[in-house]
Structure formats: C-alpha cells, structure tokens
Amino acid sequence: MSKRPKRNQISPADVAVQRDIAIEIATLHREKGVTPLAFVDTYGCQQNESDSETIRGYLRDMGYAFTDSEVEADLIIINTCAVRESAENRVWGNVGNLVHTKRDKPEQLIVLCGCMAQQESVAKKVETSFRHVDLVFGPHALWKLPELLKRLMTESGRIVEISNPEGVIAEDLPSLRTEGPSAWLTIMYGCNNYCSYCIVPYVRGRERSREPERILKDVERLVADGVKDITLLGQNVNSYGHDLDDSIDFAWLLEQINAIDGEFLIRFMTSHPKDAGERLFETMARCEKVAKHIHLPVQAGNTRVLETMNRGYTKEGYLDLITAARRYMPDIILTSDIIVGFPGETDEEFEDTLDVLNQVQFDALFTFIFSPRSGTPAAEMDDPFTRAEKQVRFDRLTALQNDISTRRHQDYVGKRVRILVDAVQDDARYPLKGRTAGGRLVRLAGDEALVGEFAEVEIVSASTWSLTGELV
C-alpha cells in the first residue's frame, strides 16, 4: 500500500493554544462583568455554513452571546462567498452600511472572512475603501480565530491574514450547531479541478481529505446527540481519499459510515461527474442509510462548452453516468447545476443543454447566468452575447425545468414516502415540514413532537416546489 504526500496538518499543540486563548478572552470578559454580543452573517454554500458553526463555537468559548442585530453587536463577523458576483456585491453593500453602526459604536469590531476575503484584491479594497473593517482573514486561518481576535483587542491597527494559499487541516475545533435533527460534516477541503469559471481552488486551496477515523468519530458523536440527517461536505466530495492510502476512497467511507449503529440518513454534496462511477452508485444502492439522491452538476450540455469549462467529461459521458446511476437505483433523485451563457456558448450549443434536461428529467436544478470571476480564465474569454440574450435562454431553461419538476412531483401523489420531520413553519394548515430521502420538501399537519423523527406520509398533492402529505 503506497502512501501519498503528507498534508499541511495543524498540530494538536497549536490547536490547544487557540483553546487556551479562547479561555483567556472569556476570563477577561467575566472579569469586566460583561457578556459581549456577536453577530455572524453567512453567505454562500454549505461549507461556509459549516465554517460559521466553527466560528460560533469559538465565540461561545470566548464568552460571547449572539444577536441578529448589527446595531447591538460588539463583534460582527461576515463569512463571505466568492463564487458569484451577486453574492460579492451583496457583501460589499452590507459591509459599506456597517460604517454607520461603527460610527455610533466606535468600539465595535468588524471582521470579513471566508472565500471572498482570501483574495488579495479584496484585502486591498478593504484597506483602501472600507477602513472601518478591523480584521480580514481567509478560510485557512479560521482555526486561529482566537489568536486573531486577541491581537485585534490588544494591538493597534488592522489585521489581514490570507497566507497559506494551499490550505491546512485542523482538527478538534469547537462547533456550535443550530438546533435540529440535521447536521453538516466536512470530510475534505479544497479542490483540484480548476474549472475555468471557478475561483474556489484559488481561495480554498488544494484537496485535503480528513483522516477517516476522525470522520467516523464525528458521525458517532452526532448520532449520539440525536442527529438523524448527516450531510457530508466537500468542494468535490466524491474525490475524498485521493491524498490518503490507495485503499481509501469515497465509496469506502460511505460503507464505513453506513455500518455505524443508529437510525440516520447519509447525504453528501457536491459531487463531480469525473469522480462518479459504478463503484459509487453500487455502494449507494447497497448501503441502506445512504440517501438515493445525488447532486451531480452538469453545468452545460454541449461537449465543446464543457471542454472550455475544463470539466473533464463530455455530454455523452455525463448521460452514461445517469444511465448507470439509474441502473443501480431506478428511483434515484437527480439534481444538478447549470450555467447559462458561458462565454462563447452559441444558441445551437445551448440547445444541447435543453436536450440534457429532456433526457435526464432532473428532479430539480440550480440555475445561474454566467458571472465572470476575476482571476479565472473564463473572465478573460470573449463573450459576444448580451445579458438580455442570455436571459432569454435562462427563461427557456427554467420554464422547461419547472415543467419537469411539476410532473416529477405529481408522480408522488397517492404514494407513501418516509420523511424526516425537521422543523415547524408558519403555516396554520400545515405547521410541519420535512424532507424525503431525496430532499423533496413535504408540508404536513401534525404535532410539534414529531420534529426530529422519521414518519411515513401519503402524498396528497404536489406543486413545482413542494409536496403535501398526510401522516399514515
């Protein structure tokens, strides 16, 4: 068995130093007789949500309580996303507005972190145009948040920490989850794919897989805490294990998690088609706790466009994957991402994307009009089509998918499905909501005591976006 090169692992001693600093800060707050308030504002993907759970865990250990008000907060941490321009623009707008809260409360600390903050251009923009921001750090510095906040409290001047571009792995960090039966669990970090439109590999670093023993202990802890729905996270989750022993891959990890005692569901996202295949599909079909659902982003339906995107597969190859997945799991739920209007994509090439929708019949799609990200190859490509022309394509795509989703949901009517009731909602007629193993939203009536439990329901009606069920 060969062993691949060792990753950049933060030592337990260094992590322990951060815990000690957190205790030191909490002690200072107690001695002052104060409980400072923190507001954590999160943008972007599930990985960012998971990172914010770590941020909240650290802040709890440092003696902070939490608020949803920027005005009340003594500390504001904005955890950012760099994937799309729209998210970045929202961040800049909200950061700009904080100049008013800082003016009214000069001792307030404002922190910008996450993927967007890892970019040098962002750090420079903050330094020149957003002087009320006190601290900027990227995802790779999250593990030493107590150290950074201590420096902010004890030193003059602003701090920028965007080193370690290749990324690190730090274990045993605190976490504060939102209450509920579902949980995120990061199993790997970074991405090696360098799709031509994507900034993620530049800000999240190279792929780093967590040791499986750590992951399995985390799953056991979550199950013991009553979690019934665990989503495994990674920028490219099904490439897990490529930097570990040759015998370890994502399918193997699913098998190990499936063997853990308890009643729970295993989900994962996001998968890359180039790392999906029959071994994964066979494992999913065989493991009873693994949800029969895969989010497999196709991004475009034309092979030339896919090649320009640097996706690593063809239209025909993607359709072959779908055929294989359905051979092992005939009722598998399929969702995907699609980018409309990639630079140079013609009307004829866009028709190939519509053809993929018609052939695959996705249950749901996440659709986007191309957004150029500075620093990626696609941002420099010729783009002869206007936003208005792309909008016409986008509207055709969403209309087709809405029709498909509606028909797929109508097929549920009269059937019984198992769901996890995960929350109450503000709806007098249907006060509960849950999700099927395939992630379909179900509204239903019932007692709040059902939250956190699996239940069997009969679907009585359906819409494009949700199902309505009755308890069996």
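1. Let me start with Glu 88 and Arg 373, whose side chains meet in a salt bridge at 2.5 Å, N to O (a side-chain nitrogen of Lys or Arg within 4 Å of a carboxyl oxygen of Asp or Glu). The pair links distant parts of the chain, 285 residues apart: Glu 88 is in helix 3 (residues 85–104), and Arg 373 is in the loop between strand 14 (364–369) and helix 13 (387–410). Helices (H or I, at least four residues) and strands (E, at least two) are DSSP runs, numbered from the N terminus. Glu 88 and Arg 373 are both buried (under 20% relative accessible area; exposed is over 50%, partly exposed in between, with a 1.4 Å probe and protein chains only).

2. A word on the source: this is a predicted model, where local features need pLDDT of at least 70, side-chain atom pairs count only at pLDDT 80 or more, and totals for chains, interfaces and linings use all residues. Residues are numbered from 1 along each chain as its sequence is written, and side-chain values use heavy atoms, with hydrogens and water left out.

3. Glu 171 and Arg 210 also form a salt bridge, at 2.7 Å, N to O. Glu 171 sits in the loop between strand 6 (159–161) and strand 7 (182–186), and Arg 210 in the loop between strand 9 (208–209) and helix 7 (212–224), 39 residues apart. Both Glu 171 and Arg 210 are buried.

4. Do look at Glu 351 and Arg 396 too: their closest N and O atoms are 2.8 Å apart in a salt bridge. Because Glu 351 lies in helix 12 (residues 347–360) and Arg 396 in helix 13, the pair ties together parts that are 45 residues apart in sequence. Glu 351 counts as partly exposed because its relative accessibility is 35%.
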